[in-house]
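Please look over the sequence and the model before reading on.

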Amino acid sequence: RCAATPALAPTAPATMARVLLAEDDGFQRAMIGMLLEGTALMEAHNGLEALAALLAPSPTPPHLALLDLDMPLLTGAEVATLLRGVRHDRGEDAAPAVVAALSADAAERAEALRAAGCDLCIPKPVPAQALAEGVASAR
């Protein structure tokens, strides 16, 4: 189950950045969600929900997927790796979204995360500027 906020309704402006936030911690989801005000925000509560949302056919796929690295069912790195593999198997060149890893030790794990398929590594607590840059790079 992937919970979408009302901003993802079909009436959301086409120019609005679409962001999938995959975070199992409700407090973190709320804090990051506040920083993403002004975007069409979709939330996933675990890695399996995130992967399903990223692979589902959609006329309005997310521009940016923010993946917590320590989620249940699938970690953010596992989601990125599986997403890359499925897209390769489908013969698709570009990822449907810029994939950003969220973790307190993202900087230390950056090389491994990039190898897993993450485009960006954003530390926690999430700096507003880094998040804004991530959204901008995805558009």
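The model is predicted: local features need pLDDT of at least 70, side-chain atom pairs count only at pLDDT 80 or more, and totals for chains, interfaces and linings use all residues. Residues are numbered from 1 along each chain as its sequence is written, and side-chain values use heavy atoms, with hydrogens and water left out.

**Strand β5**
- Strand β5 spans residues 98–103, and six of its six residues are buried; buried means under 20% relative accessible area, with a 1.4 Å probe and protein chains only.
- Helices (H or I, at least four residues) and strands (E, at least two) are DSSP runs, numbered from the N terminus.
- In a regular strand the side chains alternate between the two faces of the sheet.
- V98, A100 and L102 lie on one side of β5 and V99, A101 and S103 on the other, and both faces are covered.

**Neighbours of β5**
- Strand β4 (residues 64–68) runs parallel to β5, joined by five bridges; two strands pair if DSSP finds at least two bridges between them.
- L102 in β5 is the bridge partner of D68.
- β5 is also joined to strand β6 (residues 120–123) by four bridges, and these two run parallel.
- In β6, C121 stands opposite A101.

**Loop residue T39**
- T39 lies in the loop between α1 (26–35) and β3 (40–44).
- T39 counts as buried because its relative accessibility is 13%.
- A polar atom of the T39 side chain lies 2.7 Å from the backbone oxygen of L36.

Notes:
Buried < 20%, exposed > 50% of the residue type's maximum accessible area, 1.4 Å probe, protein only. Polar contact = N/O pair within 3.5 Å; in protein donor to acceptor, adjacent residues only side chain to side chain.
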